[in-house]
Amino acid sequence: METEKNPAEDFPHLHHVKAIGQHTDLLAAVRAAIAPHAADLPDTAFSCRPSSQGQYQAVTVSLEVSSHEHLLAIYTSVKEIDGVILCL
């Protein structure tokens, strides 16, 4: 018999947030959106690559999240970026 896992036990943990969209500088926009939630992230926490046809950019951020609410706040901020079409 499986026991239910307490979601609070999953935190803190390393999480990868990916934003895909069309923006003149998606990397800078994602950095700005995440800064209030995770200050002082190093450059190595961010990666950016264009889509195969160059129409879109994908930015991935690796950061430690402290709670479910913290994670939701990060996703909410990233989704508000103009031009973001998908946030994973």
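Tutor: Contact here means heavy atoms within 4.5 Å. The model is predicted.

Take helix α1, residues 26–34. Its buried residues are Leu26, Ala29, Val30, Ala33 and Ile34. Seen down the axis of α1, they fall within an arc of 125°, so they line one face of the helix.

Now look at what that face meets. The buried residues of α1 pack against the strands β1 (13–21), β2 (46–50), β3 (57–65) and β4, and against helix α2 (68–79).

Next, the core. The largest nonpolar core has 22 residues. Val30 and Ile34 are among those with the most contacts inside it. Val61, Leu63, Ile74, Val78 and Ile81 are the others. Two or more residues come from each of β1, α1, β3, α2 and β4. Helix α1 gives the most, with five residues. In soluble globular proteins, nonpolar side chains tend to be buried together.

Some nonpolar side chains lie elsewhere. Ile85, Leu86 and Leu88 form a nonpolar patch on the surface. Together they have about 280 Å² of accessible area. Leu88 lies in the segment after β4 (84–87). With a relative accessible area of 48%, Leu88 is partly exposed; the cut-off for buried is under 20%.

Key. Residues are numbered from 1 along each chain as its sequence is written. This is a predicted model: local features need pLDDT of at least 70, side-chain atom pairs count only at pLDDT 80 or more; totals for chains, interfaces and linings use all residues. Side-chain values use heavy atoms; hydrogens and water are left out. Patches are made of residues with over 30% relative accessible area and no salt bridge: like charges are joined within 9 Å, nonpolar side chains (Val, Leu, Ile, Met, Phe, Trp, Tyr) within 5 Å. Accessible areas come from the Shrake-Rupley method with a 1.4 Å probe; for residues, only the protein chains shown count as cover. A salt bridge is a side-chain nitrogen of Lys or Arg within 4 Å of a carboxyl oxygen of Asp or Glu. Helices (H or I, at least four residues) and strands (E, at least two) are DSSP runs, numbered from the N terminus. Buried means under 20% relative accessible area, exposed over 50%, partly exposed in between (1.4 Å probe, protein chains only). The arc is that of the directions from the helix axis to the C-beta atoms. A nonpolar core is a set of buried Ala, Val, Leu, Ile, Met, Phe, Trp, Tyr and Cys residues joined through side-chain atoms within 4.5 Å.
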